[in-house]
Amino acid sequence: MSLDNGAFLIHDVAAFPIVWVRHDEIQPGSASQWEVEMDDLIGRNQPFVMIMASHQHHEEAHEDRRARGLWLKRNKATLALLCRAIIAVEPNAVTRVLVEAQSALATKAFGIKSAVVSSEEEAIRVAEERLRDAARSR
């Protein structure tokens, strides 16, 4: 069963298959909501792309990080198949280099391609390219 778009708190799915991550909604104890939303996203069995503003990222509670890690481990193969990219928006060139290094590690760990771009417009362009590539490969 799919969630109503209004039931999503952490992910903005209004433009699905482009999904915007709302880091400001990630609060201590929000891992269970994150899991419900991620289950819904992969349950749609349709390629999607996630976009996040890297400057919004903040440290999360240990238990939330652990719960997310376990979910990612359980769903790694399905997520890698359906999530065609995780795109970080970072306008600062110096910070962008650091985010690119972190993204490369995540790509290696989870098998999801990543990109780090300087603007939301560029993020949308890259997202649309990845989704077109996904459509061609199906």
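Q: Let's start with His11. Which strand is His11 found in?
A: His11 sits in strand S1, which covers residues 11–12. Keep in mind as we go that this is a predicted model.

Q: Is His11 buried or exposed?
A: His11 is buried: its relative accessible area is 1%, and the cut-off for buried is under 20%.

Q: What does the side chain of His11 make a polar contact with?
A: With the side chain of Glu37, at 2.7 Å.

Q: And which residues is His11 in contact with, leaving aside neighbours within four places in sequence?
A: Glu37 is on that list too, along with Val19, Trp20, Val21, Arg22, Trp34, Met38, Leu41 and Met50.

Q: Changing topic to the largest nonpolar core: how many residues does it have, and which have the most contacts inside it?
A: That core has 20 residues. Those with the most contacts inside it are Val19, Met38, Leu41, Phe48, Met50, Trp71 and Leu79.

Q: Where does the largest share come from?
A: From H1, which supplies four residues of this core.

Q: What lies apart from it?
A: Another core, with twelve residues. Ala85, Ala115, Ala123 and Leu131 are among them.

Q: Zooming out now, how many helices and strands does the protein chain have?
A: There are five helices and five strands. Along the sequence, the pattern reads β-β-α-β-α-α-β-α-β-α.

Q: How compact is the protein chain for its length?
A: It is as compact as a globular protein of that length, because its radius of gyration is 14 Å, close to the 14 Å that the globule rule gives for 138 residues. The C-alpha atoms fill a box of roughly 35 × 35 × 30 Å along the principal axes.

Q: What share of the residues is buried?
A: Buried residues are 38% of the 138 in the protein chain.

Q: Last one: of the contacts with a separation of 6 or more, what share is between residues 24 or more positions apart?
A: Such pairs account for 77% of those contacts in the protein chain.

Definitions and conventions
Residues are numbered from 1 along each chain as its sequence is written. This is a predicted model: local features need pLDDT of at least 70, side-chain atom pairs count only at pLDDT 80 or more; totals for chains, interfaces and linings use all residues. Side-chain values use heavy atoms; hydrogens and water are left out. A nonpolar core is a set of buried Ala, Val, Leu, Ile, Met, Phe, Trp, Tyr and Cys residues joined through side-chain atoms within 4.5 Å. Buried means under 20% relative accessible area, exposed over 50%, partly exposed in between (1.4 Å probe, protein chains only). Helices (H or I, at least four residues) and strands (E, at least two) are DSSP runs, numbered from the N terminus. A polar contact is a pair of N or O atoms within 3.5 Å; within protein, one must be able to donate a hydrogen and the other to accept it, and residues adjacent in sequence count only if both atoms are side-chain atoms. Contact means heavy atoms within 4.5 Å. The radius of gyration is taken over C-alpha atoms; the globule rule is 2.2 Å times the number of residues to the power 0.38.
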